[in-house]
Amino acid sequence: GSPQLETSKDQRLIVVSNRLPVTISKDDKGEYHFKMSSGGLVSALSGCKKTMSFQWIGWPGKDIPMADREIVNKRLLDEYNCVPVYLSDELADRHYNGFSNSILWPLFHYHPGEMNFDAAHWLAYREANMRFAEVVSHMCQSGDMVWVQDYHLMLLPMLLRSMISGESAQGEMVRKELGRVKEGVDDEVVKDVLGMQPGVATPVDGETDEGVEMLDDVEEEGGPLKMKERGGKRPHFPRGLSTFQKQEMVAKEKGKDGIRIGFFLHTPFPSSEIYRVLPVRREILLGVLQCDLIGFHTYDYARHFLSSCTRILGLQTQPNGIEFEGRYAQVGTYPIGIEPMQFVEGLQKEKVQTRLQALENRFKGCKVIIGVDRLDYIKGIPQKLHALEVFLTQHPEWIGKVVLVQLAIPSRQDVEEYQNLRACVNELVGRINGRFGTVEFMPIHYLHKSVPFEELTAMYALADACLVTSTRDGMNLVAYEYISSQSKRHGSMVLSEFAGAAQSLNGSILINPWDVQSTADAIHLALEMGPEQRESNWQKLFSYVSKYTAEAWGVSFVNELTRLSGLPPAGPAG
Ligand code: GDG
């Protein structure tokens, strides 16, 4: 059976991702329309939604005029359990295109050459993460679980922790730099803890009550709760409490104690040798270290993260986590999956069957290889095209007998590297088709657009092989989707060893996409493999894909987060 959530019904889960899973549009009459998107994360979290009270916080994709926000917010919350984080278009652009996609994305995928570091983008990244933290800290209550998604929000755990409990020295510093903590005093914290405006009460000079300690020494110099200079009223603590216990008291008074924070990275985490290129390498690591649980797709990514913490921060790590500032951040691997039944059942739909038959007629007597990728330089599309070219050169008997249907979904078109890639792929497709094509036949059918789910399913089912040639890829769900659509044909899965999926999908033909010759050989092998071998491969693959589903991923991460206390696993705690 599928894994069960171990949380109680009233456990609250707050998922935070850069983009809300809802698209908002406004019609001519000024009325707003909302459409739920069906991304991988949406289905991955469906399991958690069933049994927990669930809320999603994220950027709604565009700025909404102030006057309309109240009504938009209400509908988002009532109908979709969503809470928006508004960012100006300029801030959103610098955060998303600027820092996330022009710095972290290339670096995490071993493309330091594509990395464009710009101090203004770093500032925007911090500012946007701060905006997210403000909304999350406003929404969360004592006992909540907050699950932060992906590389767009790596400072959020630290900022959030410093806001809800005064923990994280680095978080306090960043908040101060961003102008959120004024003159070393966090007005919000003071106001929340004391129920009054800071600086209102008259200080008793030289107050040294017996048996109490002052909040002042909770943090070191410049900490958030330094009120001496401001003359605020000081909270009193029983003697002998550790800093950690005092912070817990502050959090309790604020009603935000025991909040667990999880983080999951959907991309690879690179080797520390690549990671250390990042000018803000310390800040990003510190940003996630305030989590209770940090998850990666593969064991290698987790290991790279831990060794970066050792090399860059000088921290001692355990195989399953790190102790940092009095709490323990557990690190683990949680390979994501898909909901295979969506494809299995989708295939039964009349619309899909009709389309599949039409495509089968169109490609009669011809084998079909399918490629489905966002048009991204990590997907190795040029390598794929080169390999096809070499294959057709060495096996001219296949010319006219095999086509590559390559779907390239437009992506991040505002980023220069993506424009260059688009031109490069256009050129290659044109050259190869020009070379091997005839009036009747073209070896590559190239689509630069996205297609509806039914069309995608029909194409997956049609194809005799699927070709994934990513030069780096956190996981790659296309491989999972292809396998789920192949219960009849048992097509071959040719998969890059640089995709996280290669660690799991035993039964694929693994390739190094940089090795054009062996990739061309793999295409040949995939096309000529006998039915028994294909069936036995597919059985192995499908049994994995049906067991390690998206739902299983969400549930196992959340279950683990529920078990954690934030304290080191063994030894004297506190
Ligand atoms: C990131 C990581 C990791 C694509 N075109 C169409 C379409 N798609 C859907 C596919 C698939 C998804 O987009 C792509 O997922 P991938 O996993 O292959 O890649 P990324 O977008 O790069 O995702 C990746 C993932 O996060 C999850 O952690 O696996 O490594 O890079 O679901 O089906 N869907 C439709 N029409 C299209 O034209 N309907």
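**From a helix to the ligand shell**

Modeller: Just after α7, Gly179 takes a positive phi of about 80°; helices (H or I, at least four residues) and strands (E, at least two) are DSSP runs numbered from the N terminus. The model is predicted, so local features are reported at pLDDT of at least 70 and side-chain atom pairs at pLDDT 80 or more, while totals for chains, interfaces and linings use all residues. Residue numbers start from 1 along each chain as its sequence is written.

Helix α7 itself spans residues 169-177, and Gln170, Gly171, Glu172, Val174 and Arg175 are buried in it. Buried means that 20 or more other C-beta atoms lie within 10 Å of a residue's own, exposed that 12 or fewer do, and partly exposed covers the range in between, with C-beta atoms placed from the backbone. The buried residues of α7 pack against α5 (119-139), α6 (156-165) and α11 (281-289).

Now the ligand. Around it there are 19 residues, of which His266, Ser450, Gly474, Met475 and Leu477 come nearest; the cut-off is a C-beta atom within 6 Å. Two or more residues each come from β14 (367-374), β15 (402-409), α17 (453-462) and α18 (477-484). The most, three residues, come from α18. By class, the shell has 10 nonpolar, six polar and three charged residues, with Gly counted as polar.

Strand β14 leads on to β17 (residues 465-468). β14 and β17 run parallel and are joined by two bridges, and two strands pair if DSSP finds at least two bridges between them.

How do the residues of β17 point, and are they buried or exposed? Ala465 and Leu467 point one way, Cys466 and Val468 the other, and all are buried. Ala479 is in contact (C-beta atoms within 7 Å) with Cys466, Val468, Met493, Leu495, Ala501 and Leu505, leaving aside its neighbours within four places in sequence.

Cys466 and Ala479 return in the largest nonpolar core, which holds 149 residues; Val16, Val146, Cys466, Ala479 and Val494 touch the most other members. Such a core is a set of buried Ala, Val, Leu, Ile, Met, Phe, Trp, Tyr and Cys residues joined through C-beta atoms within 7 Å. Helix α4 (residues 89-108) gives the most to this core, with eight residues.

Phe363 is found in the loop between α14 (350-362) and β14. Phe363 counts as partly exposed because it has 17 C-beta neighbours inside 10 Å. Beyond its neighbours within four places in sequence, Phe363 is in contact with Val368 and Val403.

Definitions and conventions: Contact = placed C-beta atoms within 7 Å.
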